[in-house]
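Please open the model in your viewer and keep the sequence panel beside it. The stops below each give something to select and then say what is found there.

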Amino acid sequence: MAKQQVAKTTGRRPFNIVVVGQNNRLQYEAVLFAASLRHSTPDFDGRLFIAHPQPGPNWDEDPSIQSDDVRAALDMLGAELLPFDNKVFGQTYPHGNKIEALLALPEGEPFVFFDTDTLITGDLMSVPFDFSRPTASLKREGTWPQPTLYGPGYTEIWRALYSRFGLDFESSLDFDQPDEYWRRYLYFNAGFFYYECPHKFGHRFLTYARSIRDTPLPELVCQSLNPWLDQVALPLVIHSFGGGRDSLPEGLLDGAVSCHYRLFPLLYAREADRVVEVLEEVCAPNKIKKVLKNYEPLKKMVYQGKGEKVREMFDRENLPHKEQAIRNRIKSKGLWLR
């Protein structure tokens, strides 16, 4: 069914999905993402793009997806390889791929970006995206900024950033949270985000990120921007387009419909049974297995059953509060793979 017919029938605009692949673990995660999308949302009517950076002066080696087996698997799953060039970022800041890849997407068509280390576990078509009001993942910790003892504090740091780009700072605050507590300030994980046009979003994202990196604010002098630059700029971009923390119902993305697992040992340690079921089901077909077993963490965790050993080590109802404690326990048993 053509996109115009879908929109007329459902009243909903079709949207595209993009993840970033590369000639490393990301290519295998991209295959897994595509397989989980087709498994959990078989009626997805948009286009799935696997954006991959091309060789150039910002890379020491060719970062593009070169494996014939990976390319064949992605094609079988209906994914489209989307080459893009790094004009600003690259090897020194690969997180910038998620910014520059947006400019290669079809202009004017709504998009959802997902980090490649994500599984689709439910019907993505059921998510009521309002593409005119962007948002991003709220599955985050207070990783940035890290105010020093003598200041500046959260308010002064964030206010300076909003002021640089002519944005209203006060309207971004959550007044239910106390002053100088990180949750009071608009802050996202960049594991997913969306908007009605990738070029508008991408150009602004790139402009803000470059400005923050290349013309440092005095308030940021003690703050690290690597790897946090994308997550510093992202809330500013979302706020500038009229989005925010309340643009999407809770419990869907980073919930019943998607899982940003990050690393396979962590997935087995802490995610719901449904996530493990989807992972193992989509890894099972021989044509997929042939490709994914070339990635050591998947080979050992899924195909050799070591993931189940990790799972038996933890009570999902009573997990350690700190992720580092989970990592340390897994490492102590020699089961940490990444």
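In this tour, a residue is called buried when its relative accessible area is under 20%, exposed when that area is over 50%, and partly exposed in between, using a 1.4 Å probe and protein chains only. The model is a predicted one, so local features need pLDDT of at least 70 and side-chain atom pairs count only at pLDDT 80 or more, whereas totals for chains, interfaces and linings use all residues. Residues are numbered from 1 along each chain as its sequence is written, and side-chain values use heavy atoms, with hydrogens and water left out.

**Two residues with positive phi**

Begin by selecting Glu 180, which sits in the loop between α5 and β7 (189–195); helices (H or I, at least four residues) and strands (E, at least two) are DSSP runs, numbered from the N terminus. Although Glu 180 is not a glycine, its phi is positive, at about 65°. Its relative accessible area of 35% makes Glu 180 partly exposed.

Next select Asp 254, which belongs to helix α8 (residues 252–256). Asp 254 also is a residue other than glycine with a positive phi, here near 60°, and with a relative accessible area of 26% Asp 254 is partly exposed.

**Two cis peptide bonds**

Move to the pair Trp 144 and Pro 145, which are joined by a cis peptide bond with omega of about -10°. Pro 145 is placed in the loop between β6 (136–137) and α5.

Then select Asn 226 and Pro 227, where the connecting peptide bond is cis and omega is near 20°. The loop that holds Pro 227 is the one between α6 (198–214) and α7.

Two packed helices are described by the angle between their axes and the distance between the axes. Axes here are lines fitted to C-alpha atoms, for helices over the stretch in contact, and angles run from 0 to 180 degrees between N-to-C directions. Angles under 35 degrees count as roughly parallel, over 145 as roughly antiparallel, 65 to 115 as roughly perpendicular, and the rest as oblique.

Select helix α2 (residues 25–40) together with helix α3 (residues 68–76), whose axes come within 9 Å and cross at roughly 20°; α2 and α3 are therefore roughly parallel to each other. Their crossing is left-handed, a term used if the near helix is turned anticlockwise from the far one by less than a right angle, with right-handed used if it is turned clockwise. To see the contact (heavy atoms within 4.5 Å), show Gln 27, Tyr 28, Ala 30, Val 31 and Ala 34 on α2, and Val 70, Ala 73 and Leu 74 on α3. By class, these residues are seven nonpolar, one polar and no charged, where Ala, Val, Leu, Ile, Met, Phe, Trp, Tyr, Cys and Pro count as nonpolar, Asp, Glu, Lys and Arg as charged, and the others, Gly among them, as polar.

Helix α5 (residues 154–164) and helix α7 (residues 229–240) come next, packing at an angle of about 55° with their axes 11 Å apart, and they are therefore oblique to each other. The crossing of α5 with α7 is right-handed. On the α5 side, show Trp 158, Leu 161 and Tyr 162, which meet Gln 231, Val 232, Pro 235, Leu 236 and His 239 of α7; this contact divides into six nonpolar, two polar and no charged residues.

For the last pair, select helix α10 (residues 273–283) and helix α12 (residues 296–303), which pack at about 110° with axes 11 Å apart and are therefore roughly perpendicular to each other. Here Leu 279, Glu 280 and Cys 283 of α10 meet Leu 298, Val 302 and Tyr 303 of α12, and the contact comprises five nonpolar, no polar and one charged residues.

**Two glutamates**

Is Glu 29 buried or exposed? Glu 29, in helix α2, is buried, with a relative accessible area of 2%. Leaving aside neighbours within four places in sequence, Glu 29 is in contact with Thr 116, Asp 117, Tyr 261, Arg 262 and Tyr 295.

Glu 107, by contrast, lies in the loop between α4 (97–100) and β4 (111–114) and counts as exposed at 59% relative accessibility. Not counting residues up to four places away in sequence, Glu 107 touches Cys 197 and His 199.

**Cysteines**

Finish with Cys 197, which counts as buried at 5% relative accessibility, and Cys 222, which is exposed with a relative accessible area of 55%. The structure holds zero disulfides, a disulfide being a pair of cysteine sulfur atoms within 2.5 Å.
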